[in-house]
Amino acid sequence: MESTTKFYSLNYTNVNTYLFAFVFIVGNVVLPQLCHLVHWGGPAMLPIYFFTLIGAYKYGFKVGMLTAVLSPLAHSILFGMPSVAILPAILVKSVLLALVAGYMADRFRKITIPALLGTVMAYQVVGTLIEWVLVGDFYLAAQDFRIGIPGMLLQIFGGYALLKAIAKR
């Protein structure tokens with residue numbers, strides 16, 4: 001049995017773009033707060049990227065881009081995390097994720113583990129290299145690969161499950 005998956009590419013002139021972005025921004029603010037209840041939960045689970053992936057993959061890179069930029073800014077303003085010092089690196093990775101997820105969804109038109117794996121690896125590898133340039137310390141820039149593997153797995157498998165659950169909407 002084959003299921004039909006609806007993907008959208010919403011425009012900035014569409015009110016739904018902002019409604020969906022708002023929902024995903026709230027998710028990207030609440031999920032990190034929940035993860036921070038556990039020691040090293042934020043750095044290990046990478047929660048601030050999760051709903052950026054979902055928004056960009058399902059509703060297009062414009063929803064993803066709004067989520068990618070506004071989530072870290074809102075979270076930083078409200079809770080002081082991410083700190084202003086690491087905010088540029090988080091924003092770079094968030095924007096890369098929105099671009100790659102939007103592209104992968106548009107290119108493959110289906111939800112697959114390999115597509116999500118490629119999405120996560122692409123934004124993480126390129127983002128880590130850019131972060132290395134920004135901070136000048138490869139060890140610090142590679143933190144997501146040192147302790148964020150559970151978060152990457154959450155993005156791939158949790159993202160797959162959530163995208164499949166909302167696939168026909």
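Predicted model: local features only at pLDDT ≥ 70, side-chain atom pairs only at ≥ 80, totals over all residues.
**Stop 1: Asn28.** Start by selecting Asn28, which sits in helix α1 (residues 15-35). Is this residue buried or exposed? Asn28 counts as buried because its relative accessibility is 0%. Now show side chains: Asn28 and Ser71 make a polar contact through theirs, at 3.2 Å. Beyond its neighbours within four places in sequence, Asn28 is also in contact with other residues, among them Pro47, Tyr49, Phe51, Thr67 and His75.

**Stop 2: helix α4.** Next, select residues 61-79, which make up helix α4. Its 19 residues reach 26 Å from first C-alpha to last, close to the 27 Å expected at 1.5 Å a residue. Look along the helix for a kink of about 25 degrees at Leu70, shortly before the proline Pro72. Buried residues of α4 include Gly64, Met65, Thr67, Ser71, Pro72 and His75. To see part of what covers the buried residues, bring up α1, α3 (50-59) and α5 (87-108).

**Stop 3: the nonpolar core.** Which residues have the most contacts inside the largest nonpolar core? Select Tyr49, Ile54, Tyr57, Ile111 and Leu116 to see them; the core itself has 37 residues. Elements giving two or more residues to this core are α1, α3, α4, α5, α6 (113-135) and α9 (149-165). The most comes from α5, with 8 residues. Zoom in on Leu116: not counting residues up to four places away in sequence, it touches Leu53, Tyr57, Ile111, Ile156, Gly159, Tyr160 and Leu163.

**Stop 4: the salt bridges.** How many salt bridges does the structure hold? There are 3. Select Lys93 and Glu131, whose closest N and O atoms are 3.1 Å apart in a salt bridge. This pair links distant parts of the chain, with Lys93 in helix α5 and Glu131 in helix α6, 38 residues apart.

Finally, select Asp106 and Arg109, whose side chains form a salt bridge at 3.7 Å, N to O. Asp106 is exposed, with a relative accessible area of 53%, while Arg109 is partly exposed at 43%. To close, show Lys93, Glu131 and Asp144 together: salt bridges that share partners join these residues into one network.

How values were computed. Residues numbered from 1 in each chain as written. Heavy atoms only, no water. Helix = DSSP H or I, 4+ residues; strand = E, 2+ residues; numbered from the N terminus. Buried < 20%, exposed > 50% of the residue type's maximum accessible area, 1.4 Å probe, protein only. Polar contact = N/O pair within 3.5 Å; in protein donor to acceptor, adjacent residues only side chain to side chain. Contact = heavy atoms within 4.5 Å. Expected span 1.5 Å × (residues − 1). Bend = angle between axes of the 7 residues up to and from the residue. Core = buried A, V, L, I, M, F, W, Y, C linked by side-chain atoms within 4.5 Å. Salt bridge = Lys/Arg side-chain N within 4 Å of Asp/Glu carboxyl O.
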